[in-house]
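Q: I have this structure open and want to go through it in order. Plain answers, please.

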Amino acid sequence: MTETASLEQRICRGDRRALAKGITLIESTRADHREDAVALLEALMPSTGEAVRIGISGAPGVGKSTFIEALGNHLIDLGHRVAVLAVDPTSAVTGGSILGDKTRMQTLAFRDQAFVRPSPAAGTLGGVTRRTRESMLLCEAAGFDVIIVETVGVGQSETAVADMTDAFLLLLLPAGGDELQGIKRGIMELADIILVNKADGEQRNAAERTMADYRAAQQFIKPRYRAWQPSVATCSALDGLGIETVWQQLLEMRRGLIESGEFDTHRAEQARAWMWAETTALLIADLTAHPAVRALVADLEQSVRTGETPATVGAQRLIEAFKSSPNGG
């Protein structure tokens, strides 16, 4: 039996150590590891697709980790197995990341029915790593029936998480009406459930007012689905208030989308978009590694920096070098 086949069997048995090893394999950039990762994914595909996939976003400090821990513990108490794929921000200066979600989710991370995997964003647009989709499939094959993807909560295109999950939750802080103007319309349009967190103590009244403001704003935003009208509610992850209601809303949304046929359509479109995103990434990797392109890069970049060559012209020359070389496309 090959090592990949052995890893596949152990993952399907729910071995968390094997699952962690499998995710490390698919995150690797080594060519030989990518071959093994592709083989592993193909073998596991029949065992994927049944989990509830939840994306959670919100600005830093809104309480995403606390909310995920509260929701995860609630689901485990109901008999579910929960995997959390948490993306840590990567320093633009050092390239390092904290990878601290296992310390921020202390009770959830050490429960037998949970799997918490922090990964560095490493400059990937969308607030998720390039391999988050593949990691989700491995978690599903390992028997986790709820997959939660936590994004870094920063960046214009951070809403990419909505392209790989079934439901997109946006967490907000209690705030005045003026702060409503600062929320990007794009992320509001993608949110299936909006939650005003930290609705406890002295912030309870502010949270209620914030909820009312966002409910009023919803009438100007077109829903993503025919079968689901986005909801706005308050919650307190610290006290566990509203967590059960959130799960019931997620189940209600899932049932509505399945009955309307939008669930299957959404999943199919996600798979198509994933294929093209991966195609783009692979082409860029081949392009930048190509000898003819690498020979031009330094001079072209300098020419673009000084303004001698327009960026579009520089790009065209790189593509032409790639296509015209015997080793090119």
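This is a predicted model: local features need pLDDT of at least 70, side-chain atom pairs count only at pLDDT 80 or more; totals for chains, interfaces and linings use all residues.

Q: Which hand does the crossing of α2 and α3 have?
A: The crossing of α2 and α3 is left-handed, that is, the near helix is turned anticlockwise from the far one by less than a right angle; clockwise would be right-handed. The names come from DSSP runs, numbered from the N terminus: helices are H or I with at least four residues, strands are E with at least two.

Q: OK. At what angle do the axes of α2 and α3 cross?
A: Roughly 125 degrees, and the axes of α2 (residues 16-27) and α3 (residues 31-44) come within 8 Å. That makes α2 oblique to α3. Axes are lines fitted to C-alpha atoms over the stretch in contact, and angles run from 0 to 180 degrees between N-to-C directions. Under 35 degrees is roughly parallel, over 145 roughly antiparallel, 65 to 115 roughly perpendicular, and the rest oblique.

Q: Which residues of α2 and α3 meet?
A: From α2, Gly22, Leu25 and Ile26; from α3, His33, Arg34, Asp36, Ala37 and Leu40. Contact means heavy atoms within 4.5 Å. This contact of α2 with α3 has four nonpolar, two polar and two charged residues. Ala, Val, Leu, Ile, Met, Phe, Trp, Tyr, Cys and Pro count as nonpolar, Asp, Glu, Lys and Arg as charged, the others, including Gly, as polar.

Q: And how do α2 and α7 cross?
A: Their axes come within 10 Å and cross at roughly 155 degrees. That makes α2 roughly antiparallel to α7. The crossing of α2 and α7 is right-handed. In this contact, α2 uses Leu19, Gly22, Ile23 and Ile26, and α7 uses Glu134, Ser135, Leu138 and Cys139. Those residues divide into five nonpolar, two polar and one charged.

Q: New topic. How big is the largest pocket?
A: Its volume is about 560 Å³. Of the 22 residues lining the largest pocket, Met45, Arg133, Leu137, Ala271 and Trp274 are the closest to its centre. On a 1 Å grid, a pocket is an open set of points with protein on both sides within 12 Å along at least five of seven lines, a cavity is a set where a 1.4 Å probe fits but cannot get out, and lining residues have an atom within 4 Å of a point.

Q: Which helix gives the largest share of the lining of the largest pocket?
A: α11, with seven residues. α3, α7 (132-141) and α11 (262-289) each supply at least two. The lining of the largest pocket has 10 nonpolar, three polar and nine charged residues.

Q: How many cavities of 30 Å³ or more are there?
A: Two. The largest cavity holds about 60 Å³ of space, and its lining includes Val52, Ile54, Leu250 and Phe263. The largest share of that lining, four residues, comes from α10. It has seven nonpolar, no polar and two charged residues.

Q: Last one: how far apart are the axes of α12 and α13?
A: The axes of α12 (residues 291-306) and α13 (residues 311-324) are 10 Å apart, at an angle of about 170 degrees. α12 and α13 are therefore roughly antiparallel to each other. By class, their contact has 10 nonpolar, one polar and one charged residues.

Note on methods. Residues are numbered from 1 along each chain as its sequence is written. Side-chain values use heavy atoms; hydrogens and water are left out. Grid points are joined across faces, edges and corners, and a volume is the space filled by probe spheres set on the points.
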